[in-house]
Amino acid sequence: QTHFLSLPLQAKMSRPVQARRLEGTDKNIWVEITNLAATYSTVNLGQGFPDFPPPDFLKEAFMRALSEENPMLHQYTRAFGHLPLVKILAQFFGKLLGRDLDPMTNVLVTVGAYQALFCCFQAFVDEGDEVIIIEPFFDCYELMVKMAGGVPVFIPLRPKPPKDGKLMSSADWQLDPAELASKFSERTKALVLNSPNNPLGKVFSRAELDLIAALCVKHDILCISDEVYEWLVYDGKEHIRIASLQGMWDRTVTIGSAGKTFSATGWKVGWTLGPNRLLQPLRTTHQNSVYLCATLAQEVVARGFQRELELYGKPESYFVQLPKELQQKRDWLVQSLDAVGMKPIIPEGTYFLLADFSEFKSDFPDVADSDEPYDSRFAKWMVKNKGLAAMPLSIFYCEAHKNNYKHFIRFCFAKEEATLKAANDILQKWKQEKTSP
């Protein structure tokens, strides 16, 4: 007879179970708004994914790969990236960056860009390291830095409204050079750059990137460059890869996404590009978390890039066609919002645009004593009462700055024409309700 047999069978565990690094990271308004949209929304322009399919050539490549008599496409592949994919990524981006990339050491394939970001923060950030984040920012940057034990340091893009009464552009939101320089210290480990930027749609100019690059070199820090919207730039703008600037290759990890590149966000294929010295700790983090990514999806993305390499710069290239289509959708939504008095900020890139809903405040007045930012409450009210889902801008800011721009919501325009038309119908009806006696 041993003494442990007398313990109660239902003994409850009383010690804390959650790791300290998860403290303060559990709130997620994305889940809340997605659930509301599923319940109330007739039109969801909230989450950033297309409701149209990937291009036919990619779907056909998937069907071909699936039907081929190659059993290995259904089994594990190389942990750090399926060979056909890392080879074509090295070839394709080597051409764009103007350098020879080694597919085995300069490319790592990840479970979407999201896991690439997670690997970066886990691999580079030590307890107490500071990471500079430009606001507004994709919200996981802050949470992932904190989970790694780091300290996020925020620098805002500041809007300079045009004087001529024109609609504001994302280019009107700019960094203050002196303010940016003041954020660097001996504790700074990295800066996160997101161009084109989600949620604003800003495409950073050469001058802005030169400023950021000069500070990174001066302070000898890393740059984590999230470039998932690299092909989605409008009005003849140019996407400049910061790793191509002087002194930056050696300190930059560039992150890309097949989901955004080929309108297949559910495939979850992403990648990082950079020098072996930086990718080595990423590989260690990757192999000790997900280990590898879906073989078949990687194979098909490789075939997609092979096609795009052959058609690079030609009118029939998907990378030429997609931004043209999305620019039309953007212009349509801009016009639709402007017509009802919800002032849009015209984005230079991405799937997204911000709109100022100040003229609609009377429908849902602000209250002084709420802990929740006004734009967040407005977005929830809009889903429930108007059937239109969008994301509040405050979720893209740190806690201290959440109320700085509280009259903006983010719409996703990477949607079918019918979806955008349904959104327009809701807005028009709403306007009529406001103006009718």
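Start by selecting Leu 193 and Ser 225: Leu 193 stands opposite Ser 225, which belongs to strand 8. Keep in mind as you click around that this is a predicted model.

Now widen the selection to residues 188-194 and 222-226. These are strand 7 and strand 8, which run parallel and are joined by five bridges.

How many strands form the open sheet? There are seven, and if you walk across them the order is 2-10-9-8-7-3-4, with mixed pairing. Colour 107-110 and 151-156 to see the edges: strand 2 and strand 4 each pair on one side only. Ignoring direction, neighbouring strands in this sheet are turned by 20° against each other on average.

Next, pick residues 112-124. That's helix 4, which packs on the sheet. Strands 2, 3, 7, 8, 9 and 10 are the ones helix 4 touches, and its direction makes about 160° with that of strand 9 (252-257).

Time for some loops. Most peptide bonds are trans, and most residues other than glycine have a negative phi.

- Select Glu 135 and Pro 136. The peptide bond between them is cis, with omega near -5°. Pro 136 sits in the loop between strand 3 and helix 5 (140-147).
- Jump to Ser 195 and Pro 196. The bond leading from Ser 195 to Pro 196 is cis too, with omega near -10°. You'll find Pro 196 in the loop between strand 7 and helix 7 (206-219).
- Now click Asp 220, in the loop between helix 7 and strand 8. Asp 220 isn't a glycine, yet its phi is positive, near 55°.

For the next stop, show residues 83-97 and 295-310, which are helix 3 and helix 10. Their axes come within 8 Å and cross at roughly 30°. Angles under 35 degrees count as roughly parallel, so helix 3 and helix 10 are roughly parallel to each other. Their crossing is left-handed.

Finally, select residues 43-423. An unreviewed UniProt entry places the feature "domain: Aminotransferase class I/classII large" there. Over this stretch the chain is 38% helix and 16% strand, and the C-alpha atoms at its ends are 6 Å apart.

Terms used. Residues numbered from 1 in each chain as written. Predicted model: local features only at pLDDT ≥ 70, side-chain atom pairs only at ≥ 80, totals over all residues. Heavy atoms only, no water. Axes fitted to C-alpha atoms, helices over the stretch in contact; angles between N-to-C directions. Helix = DSSP H or I, 4+ residues; strand = E, 2+ residues; numbered from the N terminus. Parallel < 35°, antiparallel > 145°, perpendicular 65-115°, else oblique. Left-handed = near helix turned anticlockwise from the far one by under 90°. UniProt positions renumbered as here; feature names shortened; annotations may be inferred. Pairing = 2+ DSSP bridges. Contact = heavy atoms within 4.5 Å.
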